[in-house]
Amino acid sequence: IDLKFYGRKLYSSKICKNEIILKNKDMRFYNREKELASLEKVRQVSFSVHSQMTVLTGRRRIGKTSLIFKSCEDTPTVYLFVSRSNETDLCLRFAFEIQQALDIYVPELTNFAEMFRFLMDLGTRMEYNLVIDEFQEFYYINQEIYSLMQDTWDRLRKQSHVNLIVSGSVYTLMNKIFRDSKEPLYGRADSIIKLAPFTTSVLKEIMSDHKADYTKDDLLALYTFTGGVPKYIEQFMDNGCTSMESMVDFMLQPDSSFLTEGQALLVQEFGKKYGNYFSILSAISNGKNTLPEIETVMGGMSLGGQLKRLEEDYNLVKKKRPILSKEGSQTVRYEVLDMFLRFWFRYFIKYQNYIEIQNFERLADIIKKDYPTFSGLALEMYFRQKMMEGKEFADIGSWWQGKNKKDQDEIDIVGLYAEEKKALVAEVKRQSKNFKPDLFALKVEELRKKVLFKYEIESRLFSMEDM
């Protein structure tokens, strides 16, 4: 069976229902063409002119390390993974890695500042890639490392030929290290690349490669549960899980990494004070998406500051207003940006008791029964993402009016075209038979009178058939 490579090796493992084991064979790398081209260009400058520093960020499981290895193929590469441990022990391990990678003698160095000077000096005599993974972990080991690196980099970058790539999964710390003007490495990166999840077209390609006769609901399930994150997709495809039922069953095995993935993803961002943030994200993921609703769930405590940090510092939630409303408008809803986290908080946190007593069958039943409703919300996000990828629109949002949700006129998607006063207004339904055209027409007319009176309006129904 031919497999394609999209970020890491595939290994034979467990079997999903009615599927055969996948073998490690003919593989290739999915997507990331622009990122690979950018990294290739930087490497050429590093080797032919002088050293360059690239910062690669993106959430855990997004494929940063795999992309780096792909970009460094067939060139001398030192890969250093920063684990949170003693600096001297770390340097001893690094010395071994450098020696193995470049086949050179490495002196016994007990701190990373000396080791970095050695590596940069080495770059005056040879060209190579230097990769430092989970770079933000130095913050916990010895914060002085960053200022000492800055001094060495400033003195030797023009004389050396090191393609330095640093990557990290903790958004707040990586942002602080390289974008905070008070930090020593501010302004030192020649390029900063943030990896995003796979696009809708790549998801289709992956599904087609692994299940030629996949259904639209199979595709929607993959998007709903992974949000396009490569590692999660790989785990499903690795194990032959190409339907909603098989994906749910796979996630709810006793040894499944999905059960704790959300916590592993966020605790490193929030630290020990993650309790309130988890409760806020859980509330939003379960439909409590206005400030009063969230504060009620949290016992009436004021949450404006924490929501602001979740949006601006952690980049985990987004504030939504009706399209074309003013920035100061109080008509605000919050949404969790990460599709997988939406799912994880909706089910794995809400029903944690079932996980603790290992009643996975009951939780699987709950998810499968609720799937038509939950995936309907994901389908709306899918079409918004597809529209963004098309690059035709200047703004994409939704529109609603009315104080109470039950009484609101609401339109799922409103897209304003970039080149002309024209708008695409769409209702999203899983099944087209549930669409009520007369009711939708009344909503569109209300939107025209209130907001889009200067626009030519195109009305659409989006269903799974349009994916």
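Reader: Is F383 buried or exposed, and what about F462?

Author: This is a predicted model, in which local features need pLDDT of at least 70, side-chain atom pairs count only at pLDDT 80 or more, and totals for chains, interfaces and linings use all residues. Residues are numbered from 1 along each chain as its sequence is written, and side-chain values use heavy atoms, with hydrogens and water left out. Buried means under 20% relative accessible area, exposed over 50% and partly exposed in between (1.4 Å probe, protein chains only). By that rule F383 and F462 are both buried.

Reader: Why is the pair of W344 and F345 classed as it is?

Author: The ring centres of W344 and F345 are 5.1 Å apart. Their planes stand at 85 degrees, so the pair is edge-to-face.

Reader: What is the relative accessible area of F345?

Author: W344 is buried, at 1%. F345 is buried too, with a relative accessible area of 0%.

Reader: Which class does the pair of F383 and F462 belong to?

Author: The centres of these rings, F383 and F462, are 4.8 Å apart. Their planes are at 20 degrees, so the pair is stacked.

Methods. Rings of Phe, Tyr and Trp (its six-membered ring) pair if their centres lie within 6.5 Å; planes under 30 degrees apart count as stacked, over 60 as edge-to-face and the rest as tilted.
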